[in-house]
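The exercises below ask for a careful reading of one protein chain, shown here with its sequence and its three-dimensional model. Please work through each task before turning to its solution.

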Amino acid sequence: MRFKQSGILEITRSYLKPLDPFFLDVASIFYHGLIFLLDYVNSLEVAYTAPPDAPGIVCILGLMSSADSLSQPGM
């Protein structure tokens, strides 16, 4: 696994164990199709002072295909 910087957050192996509740919550909400991609990216931008093209954000989005979402936003 390559480690990626997302603003003030660096996603590393040690970070993956004690993940903060906000990151898990917003990632889960996005994964389950309850928010749009732009809203997810905006949440990460604000919480972690990250630009939308931060390597960590790009990496997360690249790992998730449209087939991964369980439902459409708002469903």
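This is a predicted model: local features need pLDDT of at least 70, side-chain atom pairs count only at pLDDT 80 or more; totals for chains, interfaces and linings use all residues.

**Exercise 1.** Describe how α2 packs against α3, and name the residues that make the contact.

*Solution.* Two packed helices are described by the angle between their axes and the distance between the axes. Helix α2, residues 21-31, meets α3 at an angle of about 170 degrees, and the axes are 10 Å apart; here axes are lines fitted to C-alpha atoms, for helices over the stretch in contact, and angles run from 0 to 180 degrees between N-to-C directions. The two helices, α2 and α3, are therefore roughly antiparallel, a term used for angles over 145 degrees. On the α2 side the contact (heavy atoms within 4.5 Å) involves Phe 22, Phe 23, Val 26, Ala 27 and Phe 30, and on the α3 side Leu 37, Tyr 40, Ser 43, Leu 44, Ala 47 and Tyr 48.

**Exercise 2.** Find which residues of α2 are buried and where they lie around its axis.

*Solution.* The buried residues (under 20% relative accessible area, with exposed meaning over 50% and partly exposed in between, for a 1.4 Å probe and protein chains only) are Phe 23, Val 26 and Phe 30 in α2. They cover an arc of only 80 degrees around the axis, and so lie on the same side of α2; the arc is that of the directions from the helix axis to the C-beta atoms. For the whole chain of 75 residues, 28% count as buried.

**Exercise 3.** Characterise the packing of α3 with α4, including its handedness.

*Solution.* Helix α3 (residues 37-48) and helix α4 (residues 55-63) have axes 11 Å apart and pack at an angle of about 150 degrees, and α3 and α4 are therefore roughly antiparallel to each other. Leu 37, Tyr 40, Val 41 and Leu 44 of α3 make the contact with Ile 57, Ile 60 and Leu 61 of α4.

**Exercise 4.** Is Gly 56 buried or exposed, and what is its setting in α4?

*Solution.* Gly 56 is located in helix α4 and, at 0% relative accessibility, counts as buried. The buried residues of α4 are Gly 56, Ile 57 and Ile 60. Seen down the axis of α4, they fall within an arc of 100 degrees, so they line one face of the helix. The C-alpha atoms of Gly 56 and Leu 44 are separated by 9.9 Å, with the two residues twelve apart along the chain.

**Exercise 5.** Locate Thr 49 and state its phi.

*Solution.* Thr 49 lies in the loop between α3 and α4. Although Thr 49 is not a glycine, its phi is positive, about 50 degrees. With a relative accessible area of 56%, Thr 49 is exposed.

Definitions and conventions
Residues are numbered from 1 along each chain as its sequence is written. Side-chain values use heavy atoms; hydrogens and water are left out. Helices (H or I, at least four residues) and strands (E, at least two) are DSSP runs, numbered from the N terminus. Angles under 35 degrees count as roughly parallel, over 145 as roughly antiparallel, 65 to 115 as roughly perpendicular and the rest as oblique. A crossing is left-handed if the near helix is turned anticlockwise from the far one by less than a right angle, and right-handed if clockwise.
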